[in-house]
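Open the structure in your viewer and keep the selection tool at hand.

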Amino acid sequence: MSDIRTIGILGGGQLGRMLALAAARLGLRCHIFEPGATPPAGDVAHALTTADYDDETALRAFAQSVDVITYEFENIPTSTLDQLEQLRPIHPNREALRISQDRLTEKAFLQDLGLSTAPYAAVDEAASLAAAIADIGTPAILKTRRFGYDGKGQMRLASADDAAAALAALAGAPAILEGLVDFNAEISVIAARSPTGEVACYDPGVNHHSDGILRTTSVPAPIPAMLRTDAVLLASRILNALDYVGVLGVELFVTDAGLVVNEIAPRVHNSGHWTQNGCAVDQFEQHIRAIAGWPLGDGSRHSDVTMQNLIGDDMDQVPALARQADSALHLYGKAETRPGRKMGHVNIVKPRAT
Ligand code: AMP
């Protein structure tokens, strides 16, 4: 099928764990590189390297032990990638990472593709924030350009009076001001592209967040068929523009004027976990297939699914969920439960209605 036998994964969290499980089902091995102790992916992988991302000796040995390298988070240091790419192919490619690591670059890239985004402006200090507010208006959201996730590194501005406090909260980090999008729903599309340019997309799911963290994703999303098609076409356009290999998550706002792209993630995505019990080939296997040069699954959905994240004390529900015949549990094996920590998820599965 392909010469690839061993896959290197940067990052040992739950996404790495589920990638390693999917790879194992295809008879492939994974080697996890992760600085933290006892990573969730380490339990299920063939090999684990515990070292920092600037440990050149460990990086070299890791790269030499694998056939291809991927990652489960986008904030990998540039120097790490510079070293690794001398030794083995990295998928998705550097360009996809460069664009998705920086909200400003990402927005410009999306607009260049003719896609809609929130109005935005770069913010570095008080003067550029004042100019951005004058341009975009309020309400608005000030976000760090880099290293934001799960709603972290974001401040809402109800009016220009909030500017100083919002800027102070970001502690001088380069930022972007975004106009608040008046959306009816948040959806996401998980899409994949193979090295030969084959593209497969999953059905868009509708997402519900609270406290900036994804709580549930449901498929099918209750949106018109036309918008579902738009979402899939738009994701394909992004994949092709990036000459992308692997799985990409695209988060979208559904507005009265159509779809607005919020952000892209160059990896498997929390809002794609429903595919584990809704599709023959889930997003994790799809990513492994893409980077290993296998044919892609077609992405078709056989069931209706609601994915519910199990965060912190939600783990108390596990005994009851384990008794529910329609519920598939996916727990990440994290030793310590903490508020706000993603501990697992459950996919509640129903026969496909439409
Ligand atoms: P993000 O980290 O950019 O995905 O933002 C986290 C959440 O904040 C999103 O899922 C939205 O619910 C909300 N949000 C972010 N940006 C905007 C925006 N420009 N307009 C409206 N809501 C937003």
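Start at L129. Leaving out residues up to four places away in sequence, L129 touches V123, L142, A163, L167 and L177. Contact here means heavy atoms within 4.5 Å. L129 sits in helix α6, residues 126-136. Helices are DSSP runs (H or I, at least four residues) and strands are DSSP runs too (E, at least two), numbered from the N terminus. L129 counts as buried because its relative accessibility is 1%. Buried means under 20% relative accessible area, exposed over 50%, and partly exposed in between, with a 1.4 Å probe and protein chains only.

A word on the model before you go on. This is a predicted model, in which local features need pLDDT of at least 70, side-chain atom pairs count only at pLDDT 80 or more, and totals for chains, interfaces and linings use all residues. Residues are numbered from 1 along each chain as its sequence is written, and side-chain values use heavy atoms, with hydrogens and water left out.

Select Q101, which is in contact with E74, N75, I76, R145 and R146, leaving aside neighbours within four places in sequence. Q101 lies in the loop between α4 and α5 (103-112). Is Q101 buried or exposed? Q101 counts as buried, at 9% relative accessibility.

Next, select helix α3, residues 78-85. Its buried residues are T80, L81, Q83 and L84. They cover an arc of only 165 degrees around the axis, so they are on the same side of α3. That arc is taken from the directions from the helix axis to the C-beta atoms. What do the buried residues of α3 pack against? They pack against β1 (6-10), α2 (56-64), β4 (68-71) and α4 (94-100).

Last stop: the ligand. Show its surroundings. 17 residues surround the ligand, and the closest are K143, Q154, E178, V181 and E186. A residue counts as near if one of its heavy atoms lies within 4 Å.

Look for these polar contacts, meaning pairs of N or O atoms within 3.5 Å:

- K143: a side-chain N or O atom is 2.7 Å from an oxygen atom of the ligand.
- R103: a polar side-chain atom lies 3.1 Å from an oxygen atom of the ligand.
- G179: a polar backbone atom is 3.0 Å from a nitrogen atom of the ligand.

Taken alone, the ligand exposes 470 Å², and the protein buries 92% of that.

How values were computed: Polar contact = N/O pair within 3.5 Å; in protein donor to acceptor, adjacent residues only side chain to side chain. Areas by Shrake-Rupley, 256 points an atom, 1.4 Å probe, with all protein chains shown as cover.
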